Amino acid sequence: RLGFADLRVAMTAARRRRRIIAVGSGKGGVGKSTLSANLAVALARLGRPTGLVDADIYGPSQPRLLATEDQRPESRGNKLVPVPSRFGVPMLSMGHLVRPGQPIAWRGPMAVSALGQLIDAEWGPIDTIVVDLPPGTGDVQLTMLQKYKPAGAVIVSTPQDLALIDAERAIGLFRQGEVPLIGMVENMAGYLCPHCGQESEPFGHGGAEEAAREIDLPFLGRIPLALAIRRDSDAGQPPAAGEGPIAEAYLKIARAVGD
Ligand code: ADP
């Protein structure tokens, strides 16, 4: 017969097996939140039970991306219960806890402990948690990485961002926090014409892949700059949940991350 002690051991083991995948970028606006949401949705589509934490506590955007703005997490014991989204991905964001537009003016330690509440929640049978980190490479990010030990990190970068070595700073953050780098995703890579469906490459081709190779970072894939991505994301309809080449591009990245 199983006693409480066995149960506790089993629960601890289950918690250990849960892997956190941190998504970071050197600066804001490169599409890190969009990629995080779609990566979580794509992993869930591939049959991997996945949750999503919006660690961007000063500018939470995940509730809008996965259409859960109206939901409020309940608490069980002293833990939060993630809110379900329509896309098979339970999630938690500071945006679920504060009123929209309400500014959050916390210092580092408070921000880190708030994040702890989001990560150390009642996730249920989830084996992967995608964490959308705040942009940049400050103390909150580093403390968070050291404290919650992600199993791996994904770097999001745009072609311009690469040229400006912002991405390299993010890489440095993960190395400093001793988080294994899973690889890099190039976002807003080529321009996908909404009229003719052709992709043009205003920033040239292969730059990110080459830059990743130079610094020994696996290249996980590229997402084009596409009007549909911005439009559907703003409408709370993640492209990874749909069909077609854009959904395929996210699924390909999810396969590379999941391996
Ligand atoms: P970050 O989290 O890096 O600040 P966001 O994910 O919030 O960036 O994206 C910034 C803006 O760019 C949003 O309006 C988003 O819809 C848009 N966006 C992100 N990726 C793409 C893309 N591949 N194509 C078109 N628009 C994109």
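Visitor: What share of the 259 residues in the chain is made up of buried residues, and what makes a residue buried?
Guide: Buried residues account for 46% of the 259 residues, where buried means 20 or more other C-beta atoms within 10 Å of the residue's own, exposed means 12 or fewer, and partly exposed lies in between, with C-beta atoms placed from the backbone. This is a predicted model, in which local features need pLDDT of at least 70, side-chain atom pairs count only at pLDDT 80 or more, and totals for chains, interfaces and linings use all residues. Residues are numbered from 1 along each chain as its sequence is written.

Visitor: How do you know that the radius of gyration agrees with a compact globule?
Guide: The rule, 2.2 Å times the number of residues to the power 0.38, taken over C-alpha atoms, puts a compact globule of 259 residues near 18 Å, and the chain has 18 Å, so the two agree.

Visitor: Why are helix 2 and helix 10 called roughly perpendicular?
Guide: The axes of helix 2 and helix 10 (residues 245–258), lines fitted to C-alpha atoms over the stretch in contact, with angles from 0 to 180 degrees between N-to-C directions, cross at roughly 75° and come within 8 Å. Angles of 65 to 115 degrees count as roughly perpendicular, under 35 as roughly parallel, over 145 as roughly antiparallel and the rest as oblique, and the pair is therefore roughly perpendicular.

Visitor: Which residues of helix 2 meet helix 10?
Guide: N38, L39, A42, L43 and R45 meet residues including Y250 and I253, a contact being C-beta atoms, placed from the backbone, within 7 Å.

Conventions: Helix = DSSP H or I, 4+ residues; strand = E, 2+ residues; numbered from the N terminus. Contact = placed C-beta atoms within 7 Å.
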